[in-house]
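Thank you all for coming. I would like to take a few minutes to walk through one model, going from the overall layout to a sheet, then a helix, and finally a single residue.

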Amino acid sequence: MKNLLIFLFLASGFVSKAQEIKWMTMNQALEAQQKQPKKIFMDAYTEWCGPCKLLDKKTFHNKDVVAYVNKNYYPVKFNAEGTEEIHYNDFTYTNPNYNANRKGRNSQHFFANALKITGYPSMVFFDEKGNVIAPVVGYKSPKQLEIFLKMIHNDDYKKLTNAAAWQDYEKSFVSTFEE
């Protein structure tokens, strides 16, 4: 009985590990693109943001989201008020106004500012060359995020040049992700 409990405990650890997005830094993703071009999916979050935590818990641990993101994107986790040094388009972005003693909100990272991030969470998509495609602001359920993940991965966004085209695309989209 004891061996069975140990086995179940270890097996549950492997299952939960298998359902994790393989997050990396922006610098790692840009470097990976040099070797094998692939789009980047960035989760721009803050420590104090409730919807960011919900997105991480509910959406980024959904098995369909995990599998799709890991297969089709370089996934980046970026603290938009953190201290990470990012080298992007021949410029080094930092957060010189960060205050480690401050509780709650902190200063915005210069990279988040350059991406024009105005709300959290924000998910930012980059093409295979590291150019910004589009940000998606706010909490999204797995089914709500699915349309953006697939539309951008398949380059369908290039055909959506007006609101009517987006509405048609949205109406005809068939979701396969489970909640």
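Before anything else, a word on burial: I call a residue buried when its relative accessible area is under 20%, exposed when that area is over 50%, and partly exposed in between, with a 1.4 Å probe and with protein chains only. What you see is a predicted model, in which local features need pLDDT of at least 70 and side-chain atom pairs count only at pLDDT 80 or more, while totals for chains, interfaces and linings use all residues. Residues are numbered from 1 along each chain as its sequence is written, and side-chain values use heavy atoms, with hydrogens and water left out.

Let me begin with the whole chain. Helices (H or I, at least four residues) and strands (E, at least two) are DSSP runs numbered from the N terminus, and by that count the protein has seven helices and six strands. Reading from the N terminus, the order is α-α-β-α-α-β-β-β-α-β-β-α-α. Of the 179 residues, 41% are buried. Taking contact to mean heavy atoms within 4.5 Å, we find that, among contacts between residues at least 6 apart in sequence, 67% join residues at least 24 apart.

Now to the sheet, where two strands count as paired if DSSP finds at least two bridges between them. Four strands form an open sheet in the order β2-β1-β5-β6, and the pairing is mixed. Because β2 (73-79) and β6 (132-137) stand at the edges with a single partner strand each, one side of each is left without a neighbour in the sheet. At the β6 end, β5 (residues 122-126) runs antiparallel to β6 and is joined to it by five bridges; Phe-125 has Ala-134 as its bridge partner in β6, and Phe-126 stands opposite Val-132. The two strands make a hairpin with five residues between them, and in the turn Gly-130 has a positive phi of about 90°.

Which residues of helix α3 are buried? In α3 (residues 50-59) they are Cys-52, Leu-55 and Thr-59, and, seen down the helix axis, they fall within an arc of 75° (taken over the directions from the axis to the C-beta atoms), so they line one face of the helix. As a reminder, an α-helix has 3.6 residues a turn, so residues three or four places apart point the same way. The cover over this buried side includes β1, α4, β5 and α6 (142-153), whereas the face turned away from it carries the exposed residues Lys-53 and Lys-57.

The link is right-handed, with 85° about the S-S bond, and both Cys-49 and Cys-52 are buried.

Finally, I would point you to Ser-122, which is placed in strand β5 and counts as buried because its relative accessibility is 0%. Leaving aside neighbours within four places in sequence, Ser-122 is in contact with Met-42, Asp-43, Ala-44, Ile-117, Val-136 and Val-137. Ser-122 and Tyr-139, 17 residues apart in sequence, lie 8.1 Å apart in space, C-alpha to C-alpha.

Terms used:
A disulfide is a pair of cysteine sulfur atoms within 2.5 Å.
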